[in-house]
Structure formats: structure tokens, C-alpha cells
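Colleague: I have not seen this one before. Can you walk me through it?

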Amino acid sequence: MLIIKLMDRLHNMRTLEHVRPDKRKRIALETIEIYAAIAHRLGMGVVRKELEDRAFDTLPTEYEAIKKLLKSAKRNAKKFAKMARMLGKELAQEV
């Protein structure tokens, strides 16, 4: 039953342009927060990705905010990796 509901939501997302703009945003947010997460947990990566892609097409502001957060996280991860390498080298010299 759950898989049928996911497929129904995927169909709804594919035809979202026929829905009133005020309802589009609500449906897109619900899709990201609930349906994409369920698809991910069920191992349905292809379905999750399409649900997210279609929802973010409807929510460009949210997409940009997430993109900035991911870019920042990537920069921080690189900094931490560099620090860890430096600390590892210093520890190796001390031993």
C-alpha cells in the first residue's frame, strides 16, 4: 500500500503544473519532507530523486538555500580534512 501511495505522489508531482500555485508549494514541501524521506528509507533512490527534483523545481528559494548550505558544508569538510592530515603528520613525528 505504501509503494502505491509513493507512486501516486510521483504521478501527482509529474502533473503539478495543473494545480493552483498556492497548492503547489504545500504539495512540494510535503513531498520533500515526507514522501521523499519514505522512498529513501525504502531504498527507492530513483523515486526519491525524482520526487525531490520535481519538488525543488517548484520551490526555487528552498533549493538555493540548501545549495548554499551544502557548499558551506563541503568547504568545512575540506578544512577539517586538512587539519586532520596536519595533526596526523605532527603526531607521527612525535612518536
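Colleague: Which residues of α2 are buried?

Modeller: The buried residues of α2 are I27, A28, T31, Y35, A36 and A39. Buried means under 20% relative accessible area, exposed over 50%, and partly exposed in between, with a 1.4 Å probe and protein chains only. Helices are DSSP runs of H or I, at least four residues, numbered from the N terminus. This is a predicted model, where local features need pLDDT of at least 70, side-chain atom pairs count only at pLDDT 80 or more, and totals for chains, interfaces and linings use all residues. Residues are numbered from 1 along each chain as its sequence is written, and side-chain values use heavy atoms, leaving out hydrogens and water.

Colleague: What do those buried residues of α2 pack against?

Modeller: They pack against α1 (2–14) and α3 (45–58).

Colleague: Where is the kink in α2 centred?

Modeller: On T31, with a kink of about 40°. The bend at a residue is the angle between axes fitted to the seven residues ending there and the seven starting there.

Colleague: And what follows α2?

Modeller: G43 does, and its phi is positive, near 75°.

Colleague: Changing topic, is E50 buried or exposed?

Modeller: E50 counts as buried because its relative accessibility is 19%. E50 lies in helix α3.

Colleague: Which residues does E50 touch?

Modeller: L10 and R14, not counting residues up to four places away in sequence. Contact means heavy atoms within 4.5 Å.

Colleague: Where does A84 lie?

Modeller: A84 lies in helix α4, residues 60–94. At 49% relative accessibility, A84 counts as partly exposed.

How values were computed: Helix = DSSP H or I, 4+ residues; strand = E, 2+ residues; numbered from the N terminus.
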